Amino acid sequence: MAAGPEAGPPARRRVLYGRRRGHRLRPGRRRLLAELLPRLEIRLREGEPLDPAALFGDRRPLWLEIGFGDGAHLAAQAAAHPGIGFIGVEPFVNGVAALLARIERGRLANIRIFTDDARLLLAALPDASVARLFVLFPDPWPKRRHHKRRLVNRATAAEFARILAPGGELRLATDDAGYARWMLEALLAEPRLDWLAERAADWRERPADQPPTRYERKALAAGRRPIYFRFRRL
Ligand SMILES: C[S@@+](CC[C@H](N)C(=O)[O-])C[C@H]1O[C@@H](n2cnc3c(N)ncnc32)[C@H](O)[C@@H]1O
């Protein structure tokens, strides 16, 4: 049987395929992990939902970025929207340290961080709790036998729809044409999500209010053309 986006792991157990650590961190970054991360880290209790109001002590709108990499996009959005509360998810420790450096440098007070598999956080988030969700350049896993590792599939599409508030927005990007088709198949099958594209420019061009990511810059430098998707939660 051909593997499609319906093939995906269940949402409630940890499934991490990428590496969690890279090169040895400089002392400054190690200090940020030891001192700043504990103040910003989201810790889940087994089987308990997350209370979004407890994150920032109020009911501000929440934007979520899954797999923020080095945090360039997340930190820029947080600086541009100080009234929004941001949750960043990234299991790669060096990426977390890079975001922490941006938070410290920019004195950003509106970011919380989850350092594990995004599926665990999705499962803990209440219905309609997130106003905007970014999944930018998730690992493409281009080999057919690795397709089941892809983060976007029908199971996560259903979770995206569940946690998004009505009118909320899901934004995705990839530079892998096969993954783009796979994402579309999974997301178009989700009846609570409406694809916002009206013309080719809508999926060929990055939304103007969305700063580029590190992976995106590399893809463009290598001559690959990313594809962008925006979906509205009905
Ligand atoms: C190709 S990189 C892109 C990073 C960043 N979004 C960018 O565009 O520069 C994919 C990121 O997803 C993260 N990732 C992989 N599996 C994940 C998971 N289960 N939950 C959250 N993030 C994950 C990886 O650690 C990696 O940093």
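**Helix packing and the ligand shell**

Author: The protein has 9 helices and 7 strands (DSSP runs numbered from the N terminus, H or I of at least four residues for helices, E of at least two for strands). This is a predicted model: local features need pLDDT of at least 70, side-chain atom pairs count only at pLDDT 80 or more, and totals for chains, interfaces and linings use all residues. Residues are numbered from 1 along each chain as its sequence is written.

Reader: Ok, at what angle do H3 and H4 pack?

Author: Helix H3 (residues 72-80) and helix H4 (residues 93-106) pack at about 25°, with their axes 9 Å apart. Axes are lines fitted to C-alpha atoms, for helices over the stretch in contact, and angles run from 0 to 180 degrees between N-to-C directions. H3 is therefore roughly parallel to H4 (under 35 degrees is roughly parallel, over 145 roughly antiparallel, 65 to 115 roughly perpendicular, the rest oblique).

Reader: Which residues of H3 and H4 make the contact?

Author: Leu 74, Ala 75 and Ala 79 of H3, with Leu 99, Arg 102, Ile 103 and Gly 106 of H4. Contact is C-beta atoms, placed from the backbone, within 7 Å.

Reader: And H1 against H4, what's the crossing angle there?

Author: Roughly 75°, and the axes of helix H1 (residues 27-40) and H4 come within 9 Å. So H1 is roughly perpendicular to H4. On the H1 side the contact includes Arg 29 and Leu 32, and on the H4 side Val 96 and Glu 104 are among the residues.

Reader: Switching topic: which residues come nearest the ligand?

Author: Of the 22 residues around the ligand, Gly 67, Gly 69, Ala 118, Thr 213 and Tyr 215 come nearest (near is a C-beta atom, placed from the backbone, within 6 Å).

Reader: Which helix gives the largest share of that shell?

Author: Helix H9 (residues 214-221), with 3 residues.

Reader: Last one, what does the C-alpha trace span?

Author: About 50 × 40 × 35 Å along the principal axes of the protein.

Note on methods
Contact = placed C-beta atoms within 7 Å.
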